Amino acid sequence: LYVGAANGCLSLGWSVGSAIVVGWSGGRERAAMICGPALFGVALAWLAADMTNASLAMILSVTAVVGVGMGMYNVLVVAKTMAVARAGEEHITSSSLVTVRNLGVAFGSAAAGLVANSAGLTTTGGPAPLPHAGRWGFISGLLPGPAAVLPVLRPGPPFSRPGQPAGWNRGRGTPPEGAEPSGEWRGRPG
């Protein structure tokens, strides 16, 4: 029951985070792509530090904040990835996004299981090792956050194809002088 409630709060937070930032561009987009993993990290750090003393309502609320951070980042990464897909490869790119996300969930779950087991979850001692194992599970969840922010912190556009002029995304804004727009050029201001 509690796991279902936590998953529901995570999903609700993810949806709220996505809805807030969808359509953002420029500086707001970059800020959201930094704030998303930061929210995720702060919430996970709080869970790691204080989950044994917190009420169920507080744990569920913080889980929703984790979801907001994930949603803020994910919707923008998907949009950026689709924006740099080569013409004619949009279907492959969109299906690959789901596959890569599912692989990440599978490997992340396996890694969290290894961390929890290494932290004493498999020992016989009743529920005593659970807080310690849970704490290390949350701490291990903090590791991917800095890697998620690296593409955003580098100079130039966060996601661009090699050879693509800086600041030009297919389907947005005006192409640079001499560039041939693809068949999907929409000519919208970016």
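At 6% relative accessibility, K80 counts as buried (buried means under 20% relative accessible area, exposed over 50% and partly exposed in between, with a 1.4 Å probe and protein chains only). E29 is buried as well, with a relative accessible area of 6%. The side chains of these residues, E29 and K80, meet in a salt bridge at 3.2 Å, N to O. The pair links distant parts of the chain: E29 sits in helix α2 and K80 in helix α3, 51 residues apart. A salt bridge is taken as a side-chain nitrogen of Lys or Arg within 4 Å of a carboxyl oxygen of Asp or Glu. By this rule the count is 1 salt bridge. In general, side chains of opposite charge can pair when their charged atoms come close.

The model is predicted: local features need pLDDT of at least 70, side-chain atom pairs count only at pLDDT 80 or more, and totals for chains, interfaces and linings use all residues. Residues are numbered from 1 along each chain as its sequence is written, and side-chain values use heavy atoms, with hydrogens and water left out.

The chain contains 6 helices and 0 strands. Its pattern along the sequence reads α-α-α-α-α-α. Helices (H or I, at least four residues) and strands (E, at least two) are DSSP runs, numbered from the N terminus. Of the 190 residues of the chain, 29% count as buried. The chain exposes about 11,000 Å², and carbon and sulfur atoms supply 68% of it. Accessible areas come from the Shrake-Rupley method with a 1.4 Å probe; for residues, only the protein chains shown count as cover. Among contacts between residues at least 6 apart in sequence, 61% join residues at least 24 apart. Contact here means heavy atoms within 4.5 Å.

The largest pocket holds about 1,900 Å³ of space. Of the 46 residues that line this pocket, L10, F40, L44, V66 and M70 are the closest to its centre. A pocket is an open set of points on a 1 Å grid over the protein atoms alone, where a 1.4 Å probe fits, with protein on both sides within 12 Å along at least five of seven lines; lining residues have an atom within 4 Å of a point. Grid points are joined across faces, edges and corners, and the volume is the space filled by probe spheres set on the points. At least two lining residues come from each of α1 (2-21), α2 (26-50), α3 (56-83), α4 (90-121), α5 (130-141) and α6 (144-153). By class, the lining has 31 nonpolar, 14 polar and 1 charged residues. Ala, Val, Leu, Ile, Met, Phe, Trp, Tyr, Cys and Pro count as nonpolar, Asp, Glu, Lys and Arg as charged, and the others, Gly among them, as polar.

G141 lies in helix α5. At 22% relative accessibility, G141 is partly exposed. Leaving aside neighbours within four places in sequence, G141 is in contact with F40 and L44. F40 and L44 are also among the residues closest to the pocket centre. G141 and A112 are 29 residues apart in sequence and 7.6 Å apart in space, C-alpha to C-alpha.

I139 is also found in helix α5. Its relative accessible area is 31%, so I139 is partly exposed. I139 and A48 lie 91 residues apart in sequence, yet 6.2 Å apart in space, C-alpha to C-alpha.
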